[in-house]
Amino acid sequence: MSLIQLKPQTAPAASGKSHLKQATQGHRFDAELVAVTKRYGTGPAAVADISLRIPRGSYCCLLGPSGCGKSTTLRMLAGHEDVSEGAILIHGEEVTHKLPVDRGTSMMFQDYALFPHLSCLDNVAFSLKVRGVATRERRAQARQYLELVQMDHLADRLPNQLSGGQQQRVALARSLITRPKVLLLDEPLSALDPFLRVKMRSELKRIQKELGISFIHVTHSQDEALALSDMIVVMNDAKIMQAAPVREVFETPTNAFVARFLGGQNVLNSNGREVSVRTDRCRLGHATGLRSVEGQIAMIEYQGNIVRITLQTPLGDEMTVLQSDTDYFAQNPQIGDTAMMSWQASDEHILAPT
Ligand SMILES: Nc1ncnc2c1ncn2[C@@H]1O[C@H](COP(=O)(O)OP(=O)(O)OP(=O)(O)O)[C@@H](O)[C@H]1O
């Protein structure tokens with residue numbers, strides 16, 4: 001057991017919950033994967049030679065289509081899965097072959113897996129009980145973490161007396177009470193309804209910033225990754241396609257896969273090169289000096305303040321324009337109309353071949 005995990009809590013400080021913030025140390029990266037490969041049996045690698053460095057105090061989302069290796073990567077970080085080749089470091093220390101409890105990581109699963117016969121408080125205090133922390137001390141600590149997730153007022157309830165969102169907050173407190181150096185979250189929001197999902201994701205971000213530790217969060221959802229991440233890791237086919245700060249990934253995707261997967265971009269050939277152009281930088285119609293393509297309007301989606309218009313080009317490509325609702329109602333385009341879509345050459349971003 002690490003000293004950090006057992007370090008007693010000090011009394012609550014006057015300002016917020018800064019007393020829960022973890023001590024900083026001399027490492028540059030909270031987590032590192034060095035040339036990591038995972039093979040299950042004799043099939044193709046589930047994760048193929050990936051390297052990744054997660055800077056201190058980052059909210060990092062692993063994003064990619066089903067089967068690309070996100071959960072395998074997370075499970076290897078947690079120590080729930082062996083690494084076939086390569087190394088894993090947490091806070092600069094190699095943990096590749098350490099047991100999950102000795103790594104300084106904690107995992108929060110999709111199904112909250114709370115003990116049904118224990119109150120919220122005792123669920124949160126449980127791991128300290130296993131570690132031999134005295135009743136009074138562990139309950140005091142559990143209360144602090146319930147306070148952090150805004151569940152202290154329901155401390156005595158049983159899990160089946162809580163909503164899904166509330167259970168999830170308790171599960172989060174339970175993962176955090178061990179004071180992990182890195183919290184690993186496997187699709188933590190997927191069981192929640194869309195309203196709660198958006199609410200909980202801002203809570204996750206607040207808590208991560210308050211504690212100052214890194215959260216590594218697996219998701220299928222582009223919106224979730226954009227809303228939460230300091231750093232996005234886009235995976236496909238067992239490999240990392242791009243790992244960079246969120247704005248960099250959105251504005252300068254490395255290749256067509258990243259541009260298409262993250263959304264908000266058109267991918268097209270321009271002057272013999274594959275380029276991306278943001279959908280909000282494209283417009284309907286043509287003007288001198290702009291690049292353009294002609295197509296037939298195949299879809300119009302009204303989304304309130306913006307309208308998404310998709311053109312099908314003669315080559316079968318789909319190109320999307322985001323228009324303000326004012327421009328849309330002024331132009332009043334119809335499905336089946338032939339229209340031009342145009343953009344500035346300076347808005348083209350050159351993509352690397354995949
Ligand atoms: N225990 C296992 N035994 C054999 N193959 C596995 C095992 N776990 C995962 N795989 C395979 O490894 C690959 C990556 O799976 P992984 O669960 O990491 O993907 P993922 O990106 O998390 O997918 P999803 O988003 O659907 O959860 C897949 O081809 C999967 O079938």
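Trainee: Which residues surround the ligand?
Mentor: This is a predicted model, in which local features need pLDDT of at least 70, side-chain atom pairs count only at pLDDT 80 or more, and totals for chains, interfaces and linings use all residues. Residues are numbered from 1 along each chain as its sequence is written. The surrounding residues are Y40, A46, G64, S66, G67, C68, G69, K70, S71, T72 and H220.

Trainee: How many residues of the shell around the ligand are polar?
Mentor: Ala, Val, Leu, Ile, Met, Phe, Trp, Tyr, Cys and Pro count as nonpolar, Asp, Glu, Lys and Arg as charged, and the others, Gly among them, as polar. The shell has three nonpolar residues and one charged residue, while its polar residues number seven.

Trainee: Which residues of α2 are buried?
Mentor: Helices (H or I, at least four residues) and strands (E, at least two) are DSSP runs numbered from the N terminus. A residue is buried if 20 or more other C-beta atoms, placed from the backbone, lie within 10 Å of its own, exposed if 12 or fewer, and partly exposed in between. Helix α2, residues 70–78, is mostly covered, with seven of its nine residues buried. Those residues are K70, T72, T73, L74, R75, M76 and L77.

Trainee: Which residue just after α2 takes a positive phi?
Mentor: Most residues other than glycine have a negative phi. Just after α2, a positive phi of about 85° is taken by G79.

Trainee: Is A35 buried or exposed?
Mentor: A35 lies in strand β1, residues 29–38, and has a positive phi of about 45° although it is not a glycine. Because A35 has 12 C-beta neighbours inside 10 Å, it counts as exposed.

Trainee: Where is N332 placed?
Mentor: N332 also is not a glycine, yet has a positive phi of about 50°. With 7 other C-beta atoms within 10 Å, N332 is exposed. Its place is in the loop between α10 (325–331) and β17 (338–343).

Trainee: Which residues of α3 and α5 make the contact?
Mentor: The axes, which are lines fitted to C-alpha atoms over the stretch in contact, with angles from 0 to 180 degrees between N-to-C directions, come within 7 Å for α3 (residues 120–130) and α5 (residues 164–176) and cross at roughly 25°. The two helices are therefore roughly parallel, since angles under 35 degrees count as such, over 145 as roughly antiparallel, 65 to 115 as roughly perpendicular and the rest as oblique. With contact meaning C-beta atoms, placed from the backbone, within 7 Å, the residues are C120, N123, V124, F126 and S127 of α3 and V170, A173 and R174 of α5.

Trainee: How many residues of the contact of α3 with α4 are charged?
Mentor: The axes of α3 and α4 come within 8 Å and cross at roughly 125°, which means that α3 is oblique to α4. C120, L121, V124, A125, L128 and K129 in α3 meet R138, R139, Q141, A142, R143, Y145 and L146 in α4. Eight of these residues are nonpolar and one is polar, while the charged residues number four.

Trainee: How many C-beta neighbours inside 10 Å does L148 have?
Mentor: L148 is found in helix α4, residues 135–148. L148 counts as buried because its C-beta neighbours inside 10 Å number 22.

Note on methods:
A residue is near a molecule or strand if its C-beta atom, placed from the backbone, lies within 6 Å of it. Two residues are in contact if their C-beta atoms, placed from the backbone, lie within 7 Å.
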